[in-house]
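Could you walk me through this protein in my viewer, one selection at a time?

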Amino acid sequence: MPIDITESALAATIDHAILKPQLTRAEVDAELAIAAEWGVFSVCVRPSDIAHAVRRLEGTGVAVGTVIGFPHGTTSSAAKVAELRRAHEDGASEFDMVVNIGALRSGFDDVVRDDIAAVVASAAGRITKVILETSYLDDAQIALGSRLTEAAGASFVKTSTGFAGGGATVPHVRLMRASVGPAVQVKASGGVRGLDTALEMIEAGATRLGTSASATILGELRARLAGAQASAATDDSSY
């Protein structure tokens, strides 16, 4: 795939995921160091790691986000709101909430919309992303979930938690992009582990990528750009 993006521009699309439940504090710190080294947009950490991540990343320019109602989305709206408020108190600036997946699949549109709207309201203008968990949904449900996300005032619609199998696909990202207006962005998450996949998601309409493979993706880009520059220099040489 042709490369038409700078390293800094690609890094600015990445939310570095640090969400595995088994991670130790030392392993979390190693991931935070990766995020800082590569200058990604943000980390997305477990709620219990927010305050620590904010302290560790101070001065790096890397934002700290977290998850709400993760990974199943089945907690009450009141619980999600309380979780977000505590997350904000701890220093998180972005919030990735899981939609009530069962309600969406049941056709309970008002329940889904009102659940999202409650979280968006508690975020008070801060970025809220709504995870649909697309591997559990058909195309009609993905499109509907995207429209309900927009109706509820969220900033992003997002594909996946990364914990339900499957993950982001190009067709799903395109469908989500086509289902919302320009004010709502799309985040591709789950299975984005290499440069080509990342570029495909961006081409399909994603403006943010959720991945734990930031170093791999950005390292591949750095190597390819260096190779392209070396090739161009060789081509321009005169003998």
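This is a predicted model: local features need pLDDT of at least 70, side-chain atom pairs count only at pLDDT 80 or more; totals for chains, interfaces and linings use all residues.

**The whole chain**

Switch to a cartoon view and look for 10 helices and 8 strands. The radius of gyration is 18 Å, close to the 18 Å given by the globule rule for 239 residues, so the protein is as compact as a globular protein of that length.

**Into the core**

How much of the protein is made up of buried residues? They account for 48% of the 239 residues. In soluble globular proteins, nonpolar side chains tend to be buried together. Here, the largest nonpolar core has 64 residues. Select Val43, Ile116, Leu132 and Met201, the residues with the most contacts inside this core.

Stay with Val43 and show its neighbours. Leaving out residues up to four places away in sequence, Val43 touches His16, Ile18, Leu32, Ala35, Leu57, Val62, Ala63, Val64 and Gly65.

Contacts across the chain are worth a look too. Among contacts between residues at least 6 apart in sequence, 69% join residues at least 24 apart.

**A lysine in a strand**

Next, select Lys158, in strand β6 (residues 156-158). Is Lys158 buried or exposed? Its relative accessibility is 3%, so Lys158 counts as buried, the cut-off being under 20%. Residues touching Lys158 include Leu132, which you met among the core residues with the most contacts. Asp96, Val130, Ile131, Met176, Lys187 and Ser189 also touch Lys158, again not counting residues up to four places away in sequence.

**An arginine in a helix**

For the last stop, select Arg177 in helix α8 (residues 170-179). Arg177 has a relative accessible area of 23%, so this residue is partly exposed. Beyond four places away in sequence, Arg177 touches Pro182, Val184, Gln185, Val186, Ala204 and Gly205.

Finally, draw a distance line from Arg177 to Lys187. These two are 10 residues apart in sequence, and their C-alpha atoms are 9.7 Å apart in space. Lys187 links back to the previous stop, as one of the residues that Lys158 touches.

Note on methods. Residues are numbered from 1 along each chain as its sequence is written. Side-chain values use heavy atoms; hydrogens and water are left out. Helices (H or I, at least four residues) and strands (E, at least two) are DSSP runs, numbered from the N terminus. The radius of gyration is taken over C-alpha atoms; the globule rule is 2.2 Å times the number of residues to the power 0.38. Buried means under 20% relative accessible area, exposed over 50%, partly exposed in between (1.4 Å probe, protein chains only). Contact means heavy atoms within 4.5 Å. A nonpolar core is a set of buried Ala, Val, Leu, Ile, Met, Phe, Trp, Tyr and Cys residues joined through side-chain atoms within 4.5 Å.
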